[in-house]
Amino acid sequence: MAKQYVHSAPNFSAGRDKAVVDAIVNVVRDLPGVRLIDCYPDADFNRTPVELIGEPEPLARALVAMAGKAYELIDMREQKGKHPRIGAQDTIPLFPLRNISLDEVKELAFRIGQELWNKYGVPVFFAGFNARSEERRDISFIRQGQYEGLKKLLEENQDNPAVLESRAPDLGKGLLSEKSGATIVSAGERNLVAVNVLLNTKDLEVAKRIAKMVRGPSGGFSTIRAVAFTPDGYEEVAVSMNMFNTDETPLYRVVELIRSEAASIGVSVKGVQMSGVFPTKVLLQCADHYLHLLDFKENQLLEHNMLLLDGE
């Protein structure tokens, strides 16, 4: 029987203390059935996204253990950062990668969430395809108010069923953990693609203007969220995007729009920075658009055939 593989991109709320980051990430290093692809500590955001792939059961054990270490080492009463968050182990999203259905991954997410609550007593929200309401599918709804605001809201509304129904954790006692907050666990069809489009300018207002034009809530692409910032190691500003559906909104389409908008105010695009892992299809779409590929088949890729040869 072909092995099943799941992709997970968990995020914990520490990115400044290298010792803490290493201690949490080391929990999932060199485990049988699990591959740690990389981690991306961010001091400004004070968080660390992690990229993992693995067989379902070993991956689930690894994610639960990693969350336990995050709960041990991170105190949300002291944690500050630019990125929205509600918990020490803030998110655990899961995505089908190979030979496994979305329904199976959804069930795996439910089991992970239940184990986090049973083992550590940290409340759990279910989002994505595990959400119990449409509004909870989006983690931005769950994160409204962040740790401090949500904690206070729940504490002040313990006798308000409407507030608890809308905002309380799915697993827990209607409150956040004082130290650890809560964890959002979810299953989804695909992970987001994170992209920074660097502009040949240091003017942050230019990037803010373009980011506002690109992101869905302000009239841009419905599948994109975008902000402006200056990436570490660069003087130039960037439009930083989370792309939630690159089939519906291909990367090349967004880059060309940014290029056109920047050119209208005398600014060029310096380059495109891919952040984290992403499907090969994202780049193949760009290649097809710019090269006008004819009769192209995936088995023309040497690496594709090597994976088949390895049985992966």
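Let's start with Gln-146. At 26% relative accessibility, Gln-146 counts as partly exposed. You'll find Gln-146 in helix H5, residues 146-156. Look at its backbone: phi of Gln-146 is near 55 degrees, a positive value in a residue that is not glycine. Keep in mind that this is a predicted model.

Asn-99 is another case. Phi of Asn-99 is near 60 degrees, again positive and again not a glycine. Where is Asn-99 placed? In the loop between strand E5, 89-98, and helix H3, 102-120. Asn-99 counts as partly exposed, because its relative accessibility is 46%.

Next, the nonpolar cores. In soluble globular proteins, nonpolar side chains tend to be buried together. Here, the largest nonpolar core has 51 residues. Which members touch the most others? Phe-12, Ile-74, Ile-112 and Leu-116. Helix H2 gives this core its largest share, nine residues. There is also a second, separate core of 27 residues. That second core includes Val-214, Met-243, Tyr-252 and Ala-262.

Stay with Leu-116 for a moment. Leave out residues up to four places away in sequence, and Leu-116 still touches a list of partners. Among them are Val-64, Ala-67 and Tyr-71. Ile-92, Val-122, Val-124 and Val-185 are on that list, too.

A pair of aromatic rings is described by the distance of the centres and the angle of the planes. How many aromatic pairs does a search of the whole structure find? Two.

Tyr-71 and Tyr-120 make one of them. Their geometry is edge-to-face, with 5.4 Å centre to centre and 70 degrees between the planes. Tyr-71 lies in helix H2 and Tyr-120 in helix H3, so this pair ties together parts that are 49 residues apart in sequence. Tyr-71 is buried, at a relative accessible area of 5%. Tyr-120 counts as partly exposed, at 30% relative accessibility.

Phe-110 and Phe-126 also form an aromatic pair. That pair is edge-to-face, at 4.9 Å centre to centre and 70 degrees between the planes. Phe-110 sits in helix H3, and Phe-126 in strand E6, residues 124-128. The two are 16 residues apart, and the pair links distant parts of the chain. Phe-110 is partly exposed, at 29% relative accessibility. Phe-126 is buried, at 6%.

Charges over rings come next. Arg-137 lies over the face of Phe-129, 4.6 Å from the ring centre. The charged end of Arg-167 sits over the ring of Phe-141, 5.4 Å from its centre.

Now two aspartates. Is Asp-90 buried or exposed? Asp-90 is buried, because its relative accessible area is 0%, and the cut-off for buried is under 20%. Asp-90 is found in strand E5. Its side chain reaches two backbone nitrogens. One belongs to Ile-86, at 2.7 Å. Another belongs to Gly-87, at 3.1 Å. Beyond four places in sequence, Asp-90 touches Asn-11, Phe-12 and Ser-13, among others. Its contacts also include Pro-84, Arg-85 and Arg-143. Ala-182, Thr-183 and Ile-184 are on the list as well.

Asp-75 is in the loop between helix H2, 56-73, and E5. Asp-75 counts as buried, at 18% relative accessibility. The side chain of Asp-75 makes a polar contact with the side chain of Arg-77, at 2.9 Å.

Last stop, helix H7, residues 204-214. Which residues of H7 are buried? Val-206, Ala-207, Ile-210, Ala-211 and Val-214. They cover an arc of only 130 degrees around the axis, so they are on the same side of H7. An α-helix has 3.6 residues a turn, so residues three or four places apart point the same way.

What do the buried residues of H7 pack against? Three strands are involved: E8 at 193-199, E9 at 224-229 and E10 at 238-243. Helix H8, 251-263, is there too. At the start of H7, look at Asp-203. A side-chain oxygen of Asp-203 reaches to within 3.0 Å of the backbone nitrogen of Glu-205.

How values were computed
Residues are numbered from 1 along each chain as its sequence is written. This is a predicted model: local features need pLDDT of at least 70, side-chain atom pairs count only at pLDDT 80 or more; totals for chains, interfaces and linings use all residues. Side-chain values use heavy atoms; hydrogens and water are left out. Helices (H or I, at least four residues) and strands (E, at least two) are DSSP runs, numbered from the N terminus. Buried means under 20% relative accessible area, exposed over 50%, partly exposed in between (1.4 Å probe, protein chains only). A polar contact is a pair of N or O atoms within 3.5 Å; within protein, one must be able to donate a hydrogen and the other to accept it, and residues adjacent in sequence count only if both atoms are side-chain atoms. A nonpolar core is a set of buried Ala, Val, Leu, Ile, Met, Phe, Trp, Tyr and Cys residues joined through side-chain atoms within 4.5 Å. Contact means heavy atoms within 4.5 Å. Rings of Phe, Tyr and Trp (its six-membered ring) pair if their centres lie within 6.5 Å; planes under 30 degrees apart count as stacked, over 60 as edge-to-face and the rest as tilted. A charge sits over a ring if NZ of Lys or CZ of Arg is within 6 Å of the ring centre and within 35 degrees of the ring normal. The arc is that of the directions from the helix axis to the C-beta atoms.
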